[in-house]
Amino acid sequence: KIAGSEVVQLYTKDWFSSVGRPIIELKGFQKVYLNPNEEKEISLKLDVKELAFLDEDMKWQIEKGDFRIMIGNSSKNLPLKTTIHVQ
């Protein structure tokens, strides 16, 4: 019944990393303003380079494997999920 806003957040999870990694990592977000009964479609882009991390030799690398992509309005509420494979 009233206008409001929401922050849509995109998180990733590396299923099998060679070094310890955060459980999930925030990789993008977008604030959306909505009028009553309004719907909007938004796009959040994730470049494969954003999956890079520092390995045990302190060098940036992207490991091959499966990554979970999760979208929601907080790290505790991520209803949209998919898995991608990086080669």
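Author: What follows goes from the pocket to one of its lining residues, and then to the strands beside it.

The model is predicted, so local features need pLDDT of at least 70 and side-chain atom pairs count only at pLDDT 80 or more, while totals for chains, interfaces and linings use all residues. Residues are numbered from 1 along each chain as its sequence is written, and side-chain values use heavy atoms, with hydrogens and water left out.

The largest pocket has a volume of about 270 Å³. Among its 16 lining residues, Val8, Val32, Lys40, Ile42 and Ile71 are the closest to the centre. Two or more lining residues come from each of β1, β2 and β5, and β1 gives the largest share, three residues. Sorted by class, the lining holds nine nonpolar, three polar and four charged residues. Here Ala, Val, Leu, Ile, Met, Phe, Trp, Tyr, Cys and Pro count as nonpolar, Asp, Glu, Lys and Arg as charged, and the others, Gly among them, as polar. A pocket is an open set of points on a 1 Å grid over the protein atoms alone, where a 1.4 Å probe fits, with protein on both sides within 12 Å along at least five of seven lines; lining residues have an atom within 4 Å of a point. The volume is the space filled by probe spheres set on the points, which are joined across faces, edges and corners.

Lys40 lies in the loop between β2 (25-34) and β3 (53-54); strands are DSSP runs of E, at least two residues, numbered from the N terminus. Lys40 is partly exposed, at 48% relative accessible area (between 20% and 50%, 1.4 Å probe, protein chains only). Beyond its neighbours within four places in sequence, Lys40 is in contact with Val32, Tyr33 and Leu34 (heavy atoms within 4.5 Å). Its side chain reaches the backbone oxygen of Tyr33 at 2.9 Å. By contrast, Ile23 is 17 residues from Lys40 in sequence and 30 Å away in space, C-alpha to C-alpha.

Strands β1 (residues 4-14) and β5 (residues 65-72) run antiparallel and are joined by six bridges; two strands pair if DSSP finds at least two bridges between them. Seven bridges join β5 to β6 (residues 80-86), also antiparallel. Ile71 in β5 stands opposite Leu10, and opposite Leu80 in β6.

How values were computed
Helices (H or I, at least four residues) and strands (E, at least two) are DSSP runs, numbered from the N terminus. A polar contact is a pair of N or O atoms within 3.5 Å; within protein, one must be able to donate a hydrogen and the other to accept it, and residues adjacent in sequence count only if both atoms are side-chain atoms.
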